[in-house]
Amino acid sequence: MSQDSLGELKRVFISGIGATLLSIALGYGFKIALASFVAKESLAVYHTVVDVISLSLILMTGFRTSMVVSYARTRNDKDIINLFRYSLIVIVLLTWGLVLPYIKHKLNMDVAYWQLVGIILSMGLKVYFTNQLAMYRLYDISNRVTWLDPISQILLFSLGYLVLDMAPLSALFHSLILGNLVLAAYMFTTRRQQISTHPLQSVNLSADLKNFMQKSVTASLETGASIMMIYLMVLLTIRYFSVDELGDFQVVVRPVITYITLLFVFPIYRFVLPELSKHVRDGNYIAIGDIKRTLYRFTALVSVMFFLLMLGFADTLVAWLYPQDYQGSAIVLTHFASFFGLMMLNAYQLAFIKAHDCFNQSLLIRIGGLVAMVFAFFLLREYSNNVVSVILALGAGYLVMFLQSLYVEQQLLKQHANR
């Protein structure tokens, strides 16, 4: 791999991390501020509602991988986007019809019906335009959206809570809905200045489009399995632990997991995967080796620093940033830091596997991790009733995924060597 090519990949990767870091500083600062004056129960309700709705709609981000790969190969954006549109409409309607009643009647969340509908529709629009930016590789717009997202919600929440005198929970839901709509409008106008898409119309299902749809469904299922690992932590905490421990997870632990994943794991799919796809197509495994070595060194640096930070200062940081009743989350964060490196390595391995069009194997690896997580949790429950068992179960799931993906990666490398 040429130094210029690897250097450009490093530049794009680091710029994406920079935009995400700014977003984290804004978003996490906002969450810390909320914890100081919004009731713990209200924040738990807000984050749980958003999680449940996100679980169904974020399935559509699974289309992102196949959209990027298929568009790069066929340049048939008209049919790819129309297939995505029809699929998104179906998912939004299913979320409206199935997930909304689940929130209202099964979880017994006291949230207005129209607010739930607004969240579903606005999130759907945001996912739609975000996937378009990824497909066309409009990284500059995508990076701006990354930090505009928390800014819009902070400003809109301040307007609702401080100016319009809304209750904190109501202001949060209103700011989320309006913020998503504002971002969708921004992505639409800025993307349209560079690329115009075709209107909604029928799709010519060629062999390439059928292959794209199959990969999209598989990638969506894999994304669902990935998100389910985090959401399952919420469900297990609700089922087996107290509301107080749920608040620790939703307000402190889950945002850390989300933010550090956005910062160091998602850029691998956004920037490294397209490069791997190109080099696999060209048979340039020397370049792939260069990328792998660079990423492994970066993973070692990040994971060791994160673990040492949590090991030495988790209690101090939580005490400094949050009220006293959130102190129980510190030990959970330390355990999470112990296996975070596995998440980064697994992201590379799954990107490598997908670059070989092995989407089914990638899905099976995710399912294996999910099953391992459930098994590990109930095994740990036999020895401890501590909420730490939930985060340790997540670590066990990622360990199993790492071992599975490592095996598949080695098999693909052997196939190439034997050609």
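## Burial and helix α12

A residue is called buried here when its relative accessible area is under 20%, exposed when that value is over 50%, and partly exposed in between. In this predicted model, helix α12 gives a clear use for the term, since its residues S329, A330, V332, L333, T334, F336 and A337 are buried. The helix covers residues 329-337, and because seven of its nine residues are buried, α12 is largely enclosed by the rest of the structure.

## The protein as a whole

The protein is built with 15 helices and zero strands. Along the principal axes, its C-alpha atoms fill a box of roughly 60 × 50 × 40 Å.

Of the 419 residues, 55% count as buried, while the accessible surface of the protein comes to about 18500 Å², with 65% of it belonging to carbon and sulfur atoms. When contacts with a separation of 6 or more are considered, 84% of them are accounted for by residues 24 or more positions apart.

## The largest pocket

The largest pocket has a volume of about 510 Å³, and 21 residues line it, with Y28, V256, F306, L309 and M310 lying nearest its centre. The elements that each give two or more residues to this lining are α1 (3-37), α9 (243-264) and α11 (285-321).

Helix α11 supplies the largest share of the lining, namely nine residues. Sorted by class, the lining consists of 21 nonpolar residues, with no polar and no charged residues.

Once its neighbours within four places in sequence are left aside, T299 is in contact with G341, M344 and L345.

T74 is found in helix α3, which covers residues 62-74, and its relative accessibility of 31% makes T74 partly exposed. Not counting residues up to four places away in sequence, T74 touches I80 and D208. The C-alpha atom of T74 is also separated by 9.2 Å from that of L209, although these two residues are 135 residues apart along the chain.

D110 and S42 are 68 residues apart in sequence, and their C-alpha atoms are 10.0 Å apart in space.

D165 is found in another loop, the one between α6 (139-163) and α7 (168-194), and D165 is exposed as well, with a relative accessible area of 66%. The backbone of D165 deserves a separate remark, as its phi is near 60°, a positive value in a residue other than glycine. Most residues other than glycine have a negative phi.

Key
Residues are numbered from 1 along each chain as its sequence is written. This is a predicted model: local features need pLDDT of at least 70, side-chain atom pairs count only at pLDDT 80 or more; totals for chains, interfaces and linings use all residues. Side-chain values use heavy atoms; hydrogens and water are left out. On a 1 Å grid over the protein atoms alone, a cavity is a set of points where a 1.4 Å probe fits but cannot get out, and a pocket is an open set with protein on both sides within 12 Å along at least five of seven lines; lining residues have an atom within 4 Å of a point. Grid points are joined across faces, edges and corners, and a volume is the space filled by probe spheres set on the points. Helices (H or I, at least four residues) and strands (E, at least two) are DSSP runs, numbered from the N terminus. Ala, Val, Leu, Ile, Met, Phe, Trp, Tyr, Cys and Pro count as nonpolar, Asp, Glu, Lys and Arg as charged, and the others, Gly among them, as polar. Buried means under 20% relative accessible area, exposed over 50%, partly exposed in between (1.4 Å probe, protein chains only). Contact means heavy atoms within 4.5 Å. Accessible areas come from the Shrake-Rupley method with a 1.4 Å probe; for residues, only the protein chains shown count as cover.
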